[in-house]
Amino acid sequence: MNDNNMPSHHGPETRSTPTEYPNLTMKLLMERASCRNFSERRIDKQTIDSILEAGIHAPTGGNLQPYSIIKIENKENAKKIAELCGKQDFIADAPLNLLFCIDWHRLQRWAEHEYAPFSATNSFRHFWISLQDTVIAAQNICTAADAMGLGSVYIGTVLECFRELRDMFKLPNGVFPVVLLCVGYPKNKPLIRKKLPVSIIVHDEQYRHIDEDRLAAAFNEKHQNIKVEITDSRLKQIDEVCRKIHGKDFADNCLARIKEQSYINAAQRYFGLHYAADLMSEGNDDFIKIMKESGFNWFEKYEPSGHRGP
């Protein structure tokens with residue numbers, strides 16, 4: 001929903017309180033924040049090479065490094081991506097954009113050259129691990145960028161333009177976009193976002209059920225009890241989403257709750273307005289189709305061909 005008057009779905013910004021950390025690495029991790037306001041300062045080649053080196057030293061399953069990184073410095077390409085990803089102009093402002101992709105194409109070529117059996121694009125196990133490996137490499141670069149005085153922000157909405165990105169960057173079968181990272185020097189130090197505490201996120205030895213009141217209090221603290229103003233258009237959208245997902249009775253109860261509290265709460269804002277529960281679940285079949293177009297078939301029953309020619 002394009003509604004510029006709503007509070008950010010990222011949650012409220014907060015200034016870090018003076019804290020003593022065990023070392024600079026811990027300070028860097030604890031005070032990391034997404035940057036969406038880049039200066040015009042260019043990033044020199046040595047700095048770019050350094051953060052990329054940090055990325056390729058990230059851990060991967062079997063040390064296979066099943067990913068590739070498309071380095072994007074061309075402004076026209078950046079503008080196209082910004083448009084495709086929901087007109088997020090700061091993507092075009094960033095002097096460097098990095099598109100992280102799962103890449104089994106390179107490993108398949110190696111296997112073919114060495115006459116080794118290969119079925120990774122048909123394997124959910126390989127897909128699952130390579131997805132993790134790709135994101136871990138991205139996070140290594142994100143942290144390295146912060147360490148070099150840069151700022152960065154992840155763009156997950158590349159999932160809305162998989163086909164266009166494959167065409168733009170000539171991605172062969174076996175290569176699939178995962179996430180974009182915008183990198184540049186921040187105009188000003190971005191403020192960090194409040195997070196749920198360790199006491200809510202971490203479970204000792206086994207998953208535990210957290211009391212509803214304690215859970216609600218933790219979310220209210222994180223979002224500083226965000227209260228979104230009620231408007232007719234917002235009520236209409238929430239009503240429609242609730243009816244599609246849970247039916248009329250649930251929708252009536254949701255609207256009654258909103259009117260009783262005199263505002264739209266953070267959870268209703270997340271799943272009723274921004275990440276609308278009906279739209280987020282649509283298109284699953286098309287995503288699978290795009291996967292297949294990209295040479296991945298791990299979601300289908302695997303039938304070995306039984307033959308591989310010379």
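Student: What are the ground rules for the model?

Tutor: This is a predicted model in which local features need pLDDT of at least 70, side-chain atom pairs count only at pLDDT 80 or more, and totals for chains, interfaces and linings use all residues. Residues are numbered from 1 along each chain as its sequence is written, and side-chain values use heavy atoms, with hydrogens and water left out.

Student: Why is helix 10 called roughly perpendicular to helix 12?

Tutor: Helices are DSSP runs of H or I with at least four residues, strands are runs of E with at least two, and both are numbered from the N terminus. The axes of helix 10 (residues 232–246) and helix 12 (residues 266–274) come within 9 Å and cross at roughly 80°. Axes are lines fitted to C-alpha atoms, for helices over the stretch in contact, and angles run from 0 to 180 degrees between N-to-C directions. Angles under 35 degrees count as roughly parallel, over 145 as roughly antiparallel, 65 to 115 as roughly perpendicular and the rest as oblique. The crossing of roughly 80° therefore makes helix 10 roughly perpendicular to helix 12.

Student: Which residues of helix 10 and helix 12 meet?

Tutor: Contact means heavy atoms within 4.5 Å. Arg-234, Gln-237, Ile-238 and Val-241 of helix 10 meet Gln-268, Phe-271, Gly-272 and Leu-273 of helix 12.

Student: What makes Ile-70 partly exposed?

Tutor: Buried means under 20% relative accessible area, exposed over 50%, and partly exposed in between (1.4 Å probe, protein chains only). Ile-70 has 21% relative accessibility, so Ile-70 counts as partly exposed. Ile-70 sits in strand 2 (residues 67–72). Beyond its neighbours within four places in sequence, Ile-70 has contacts that include Leu-98, Phe-169 and Leu-171.

Student: Why is the pair of Phe-124 and Trp-298 called tilted?

Tutor: Rings of Phe, Tyr and Trp (its six-membered ring) pair if their centres lie within 6.5 Å; planes under 30 degrees apart count as stacked, over 60 as edge-to-face and the rest as tilted. The structure holds eleven aromatic pairs. In the pair of Phe-124 and Trp-298 the centres are 5.4 Å apart and the planes are at 55°, so the pair is tilted. Phe-124 lies in helix 6 (residues 124–147) and Trp-298 in the segment after helix 14 (284–293), so the pair ties together parts that are 174 residues apart in sequence. Phe-124 is partly exposed at 41%, and Trp-298 is partly exposed at 24%.

Student: What kind of aromatic pair do Phe-127 and Phe-296 form?

Tutor: The pair of Phe-127 and Phe-296 is edge-to-face, at 6.3 Å centre to centre with 75° between the planes. Phe-127 lies in helix 6 and Phe-296 in the segment after helix 14, so this pair ties together parts that are 169 residues apart in sequence. Phe-127 and Phe-296 are buried.

Student: How do you know that Lys-87 counts as exposed?

Tutor: Lys-87 has 57% relative accessibility and therefore counts as exposed. Lys-87 lies in the loop between helix 3 (75–84) and helix 4 (90–93), and has a positive phi of about 55° although it is not a glycine.

Student: What makes Tyr-115 exposed?

Tutor: The relative accessible area of Tyr-115 is 52%, so Tyr-115 is exposed. Tyr-115 is in the loop between helix 5 (105–113) and helix 6.
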